[in-house]
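This briefing looks at a few local features of one protein chain, grouped by topic. Please read it alongside the sequence and the structure shown here.

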Amino acid sequence: MERILVLLLVTLAVAYALPGPRGIFINLEEGELCLNSIQCKSKCCHRRSGLSLARCAPQASEDSECSAKTLYGVYYKCPCERGLTCKVNKTIVGSITNTNFGICQDVGGSNE
């Protein structure tokens, strides 16, 4: 685990040292392979299953399925767009397995 963390930190340091707005490891576009959401412009590194490769994907829109934000940085369902909240019943098992899914809602909007 420590080796992965060191590798990630070295990768991020190299990426920040690269010139230009888009590096090799950060500011990735949708569809590009990623290891963590911090690499993606959309802030969502998404995988379809535990065995699939993770790719940058758009954040979830209103009334779409979403994941609560996690420390893993890779999601089965993307977190909500800015201004929306993922309404989810969090469980300990769901937190460990990254399966706390909910629905994106605008909590600041009118409740009709």
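Predicted model: local features only at pLDDT ≥ 70, side-chain atom pairs only at ≥ 80, totals over all residues.

Asn98 sits in the loop between helix 2 and strand 5 (101-105), and its phi is near 60°, a positive value in a residue other than glycine.

**Positive phi angles**

- Asn98 is buried, because its relative accessible area is 7% and the limit for a buried residue is under 20%.
- Lys43 also has a positive phi, here of about 65°, although Lys43 is not a glycine.
- Lys43 belongs to the loop between helix 1 and strand 1, and with a relative accessibility of 43% Lys43 counts as partly exposed, a class that lies between the buried limit of under 20% and the exposed limit of over 50%.

**Salt bridges**

- The count of salt bridges comes to two, where a side-chain nitrogen of Lys or Arg has to lie within 4 Å of a carboxyl oxygen of Asp or Glu.
- In one of them, the side chains of Lys41 and Glu29 meet at 2.6 Å, N to O.
- Lys41 and Glu29 both lie in the loop between helix 1 (2-17) and strand 1 (45-46), so this pair ties together parts that are 12 residues apart in sequence.
- Both partners are partly exposed, Lys41 with a relative accessible area of 48% and Glu29 with a relative accessible area of 37%.
- A salt bridge also joins the side chains of Glu65 and Lys77, at a distance of 3.1 Å, N to O.
- Glu65 is placed in strand 3 (residues 65-67), whereas Lys77 is in the loop between strand 3 and strand 4 (85-87), so the pair ties together parts that are 12 residues apart in sequence.
- Glu65 is partly exposed, with a relative accessible area of 45%, and Lys77 likewise counts as partly exposed, at 27% relative accessibility.
- As a general point, side chains of opposite charge can pair when their charged atoms come close.

**A nonpolar surface patch**

- Tyr72, Ile92 and Ile96 make up a nonpolar patch on the surface, and together they have about 360 Å² of accessible area.
- Ile96, one of the residues of this patch, is part of helix 2, which covers residues 92-97.
- Ile96 counts as exposed, because its relative accessibility is 56% and the exposed class begins over 50%.

Definitions and conventions. Residues numbered from 1 in each chain as written. Heavy atoms only, no water. Patch = residues over 30% accessible without salt bridge, like charges linked within 9 Å, V, L, I, M, F, W, Y side chains within 5 Å. Areas by Shrake-Rupley, 256 points an atom, 1.4 Å probe, with all protein chains shown as cover. Helix = DSSP H or I, 4+ residues; strand = E, 2+ residues; numbered from the N terminus. Buried < 20%, exposed > 50% of the residue type's maximum accessible area, 1.4 Å probe, protein only.
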